[in-house]
Number of protein chains: 2
Amino acid sequence: MIKGLDKIRISQFKKDLSNCVNVKEKTFYNKELILSYSPIKKQIGFITYGKANIVKTDKEGNTTIMRDLKENDIFSNLFFQDSEDEIYIISNEETKVIFIDYYTILKNCPKNCSFHNKLVLTLFDLLILDNKEQNEKIELLSKRSVEEKLLYFLKQRMNENHIFKVTTSYKAISEYLFVDRSNLMRELKKMEEKGLIERKDKWIKILDKEKD
Amino acid sequence: MIKGLDKIRISQFKKDLSNCVNVKEKTFYNKELILSYSPIKKQIGFITYGKANIVKTDKEGNTTIMRDLKENDIFSNLFFQDSEDEIYIISNEETKVIFIDYYTILKNCPKNCSFHNKLVLTLFDLLILDNKEQNEKIELLSKRSVEEKLLYFLKQRMNENHIFKVTTSYKAISEYLFVDRSNLMRELKKMEEKGLIERKDKWIKILDKEKD
DNA sequence: TATTTATTGTTGCAAATGCAACAATAGTTT
DNA sequence: AAACTATTGTTGCATTTGCAACAATAAATA
């Protein structure tokens, strides 16, 4: 899960955080607004528990899921562009988040504590991780067909037994892939006929046909 | 151009860099390999001059342009996933790059200099900027039609007079948008007929029809 | 439990897209 | 200048896609 950062370091990070800067952990329930764009209040959030989505709403009111966020993921309204579309972070279930004010990171620690530097370095690592995940999404969206998008998505998320369980909904997946839902269903059927996948309700087994 | 970081800070950053850690500025000419994926040598690059592309090549040999990079942009092989596809950074013209070894940033500065902390903070800011640009690319790719993709792309890059000059080629743009080139040309013609744009060779004028 | 709401599954159809193939230019090299 | 190469412009066509509309389930709520 966390490749670049080990768990010990993460848990130490959480402890250091409260030592060093003023942080508050907040709990959100399903479908609550965690953070939205703000040109003034720049915050970094760190998910300690649960799941959330970065959701975009354009001026016509169409919403799309930009990113999936999970435990140990970092996010910030710093990342959002000043745009016509509105971007929110919405909890997907009970979610706990630590908020860190951006400017308290930038300025030197008032307590001059040794944590501060470490804090920045860890945030740095987390940012790099986030960057990687964004790259992944760009790769996903670079796929030309729904089949390719879906296969990439599934392979990225399947377990050791090549099984992926739809925990959200097919609707949510279609939004994440930016494709039409009904077409996604049609494509799923085609892929099953082709022998690329097997499907039972919300379980999808990816049959690795691609050996070269 | 650089919104979050002012120019003074960037130029100070460059000076500090050479004071603090071992850096080398390298010059690349057109279409040279600047950086590729490496699980061992983790480097961060900072473009001081010129333009470059992040280019992906899949196992079938299809190449696509993942990102555009320009002066003051940051990049790193840290951002790349361990994947079947190969990712390179290629210069697009004469390009100067400062390389910083990732691990020299993480460990404390041997000289214990005050620059070190500032260095990390600036890198932090640059990473956030990069993150924003990635978000922009995700937004671009989230558009469903070629017309929408193209309009988003053009509006993002047009000057005050609503003019965009194709400095690279239409081919390169089609690769950047992950769409078929011939279709892009067709779409350009349609958009001209619709009165959305005006076009003369490599100049495109975006006519802002969208007033609500 | 009955009712309401959300999701899933299906299909016809028009529109958009990618592909292939080729001509016309523009740009480069010999 | 001639030859070569890369880019641009065009088109027909098969395929893919999104849209709309509706039925069948499943899930949530009264």
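Mentor: B:F153 has a relative accessible area of 4%, so this residue is buried (under 20% relative accessible area; over 50% is exposed and anything in between partly exposed, with a 1.4 Å probe and protein chains only). B:Y176 counts as buried too, at 7% relative accessibility. Over the face of the B:Y176 ring lies B:K137, at 3.5 Å from the ring centre; a charge sits over a ring if NZ of Lys or CZ of Arg is within 6 Å of the ring centre and within 35 degrees of the ring normal.

Before going on, some ground rules. This is a predicted model, in which local features need pLDDT of at least 70 and side-chain atom pairs count only at pLDDT 80 or more, while totals for chains, interfaces and linings use all residues. Residues are numbered from 1 along each chain as its sequence is written, chains are lettered from A and ligands numbered from 1 in the order in which they are written, and side-chain values use heavy atoms, leaving out hydrogens and water.

Now the rings themselves. Over all chains there are six aromatic pairs, a pair being two rings of Phe, Tyr or Trp (its six-membered ring) with centres within 6.5 Å; planes under 30 degrees apart are stacked, over 60 edge-to-face, and the rest tilted. B:F28 and B:F99 form an edge-to-face pair, because their planes stand at 80 degrees, with the centres 6.3 Å apart. This pair links distant parts of chain B, 71 residues apart: B:F28 is in strand β1 (residues 24–28) and B:F99 in strand β8 (residues 95–101). Strands are DSSP runs of E with at least two residues, helices are runs of H or I with at least four, and both are numbered from the N terminus. B:F28 and B:F99 are both buried.

Back to B:F153 and B:Y176, which form a tilted pair, 5.7 Å from centre to centre with 55 degrees between the planes. B:F153 belongs to helix α4 (residues 146–157) of chain B and B:Y176 to helix α5 (residues 170–176), 23 residues apart, and the pair links these distant parts of the chain. In chain A, ring pairs join A:F153, A:F164 and A:Y176 into a cluster. The charged end of A:K137 sits over the ring of A:Y176, 3.4 Å from its centre.

From the rings, on to the DNA. DNA strand D is surrounded by 21 residues, A:S145, A:V146, A:R186, B:M185 and B:K202 being the closest; a residue is near a strand if one of its heavy atoms lies within 4 Å of it. Among the polar contacts (N or O atoms within 3.5 Å; within protein, one must be able to donate a hydrogen and the other to accept it, and residues adjacent in sequence count only if both atoms are side-chain atoms), a backbone N or O atom of B:Y170 is 3.0 Å from a phosphate oxygen of DNA strand D. The elements giving two or more residues to the surface near DNA strand D are α6 (181–194) of chain A, with α5 and α6 (181–194) of chain B. Of these, α6(B) gives the most, with five residues.
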